[in-house]
Amino acid sequence: MSAITVPWQSCHICEGEIFKSPKDFINHLRIRHCRKEGGSYICTYGPNSICLKLPLEGVCEKDYETHVSRFHASPSITGHSGENRSEERRVGKECRSRWS
């Protein structure tokens with residue numbers, strides 16, 4: 001019987017990266033798979049450095065942290081592929097409306 005793995009135990013992009021806690025994984029994502037442009041955080045954890053779960057223009061830091069915890073570090077409803085766009089559009093709405 002194989003061991004059950006959780007999303008935060010390894011990085012799908014960086015081969016051989018193993019993490020001991022969700023906090024370590026989230027820190028890895030911020031360092032290796034996140035870009036900051038102006039005040040926006042852009043998640044690059046996905047195929048071709050594009051996360052399909054957030055707007056391409058990015059979100060504020062608080063919403064980025066919520067996004068990473070919800071969609072990448074926790075066992076998720078949608079997995080890594082970004083199938084559920086209605087839920088992800090809700091993330092970032094508060095911060096984007098402040099910038100508009």
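Where is leucine 52 found? This is a predicted model, and in it leucine 52 sits in the loop that runs between strand E2 (40–43) and helix H2 (61–73).

Together, Ile50, Leu52 and Leu56 make a nonpolar patch of about 290 Å².

## Aromatic pairs

Searching the whole structure turns up three aromatic pairs. One of them joins tyrosine 41 and tyrosine 64, with ring centres 5.8 Å apart and 25 degrees between the planes. That counts as stacked, because the angle is under the 30 degrees cut-off. Tyrosine 41 belongs to strand E2 and tyrosine 64 to helix H2, so this pair ties together parts of the chain 23 residues apart in sequence. As for solvent, both tyrosine 41 and tyrosine 64 are buried.

There's an aromatic cluster to look at too: Phe19, Phe25 and Tyr45 form one.

On the charged side, the structure holds three salt bridges. Arginine 30 pairs with glutamate 61, and their closest N and O atoms are 3.5 Å apart. Since arginine 30 lies in helix H1 (residues 22–32) and glutamate 61 in helix H2, the bridge ties together parts that are 31 residues apart in sequence.

Arginine 30 also meets glutamate 65 in a salt bridge, at 2.9 Å from N to O. Here too the link spans distant parts of the chain, from arginine 30 in helix H1 to glutamate 65 in helix H2, 35 residues apart. Put together, Arg30, Glu61 and Glu65 are linked in a salt-bridge network.

How accessible are the members of this network? Arginine 30 is partly exposed at 27% relative accessibility. Glutamate 61 comes out as partly exposed at 37%, and glutamate 65 gets that label at 39%.

## Arginine 35 and glutamate 37

Which residue does glutamate 37 form a salt bridge with? The partner is arginine 35, and the closest N and O atoms of the two are 3.0 Å apart. Glutamate 37 is partly exposed, with 44% relative accessibility. Arginine 35 is partly exposed as well, its relative accessible area being 39%.

Methods
Residues numbered from 1 in each chain as written. Predicted model: local features only at pLDDT ≥ 70, side-chain atom pairs only at ≥ 80, totals over all residues. Heavy atoms only, no water. Patch = residues over 30% accessible without salt bridge, like charges linked within 9 Å, V, L, I, M, F, W, Y side chains within 5 Å. Areas by Shrake-Rupley, 256 points an atom, 1.4 Å probe, with all protein chains shown as cover. Salt bridge = Lys/Arg side-chain N within 4 Å of Asp/Glu carboxyl O. Helix = DSSP H or I, 4+ residues; strand = E, 2+ residues; numbered from the N terminus. Phe/Tyr/Trp six-rings, centres within 6.5 Å; stacked < 30°, edge-to-face > 60°. Buried < 20%, exposed > 50% of the residue type's maximum accessible area, 1.4 Å probe, protein only.
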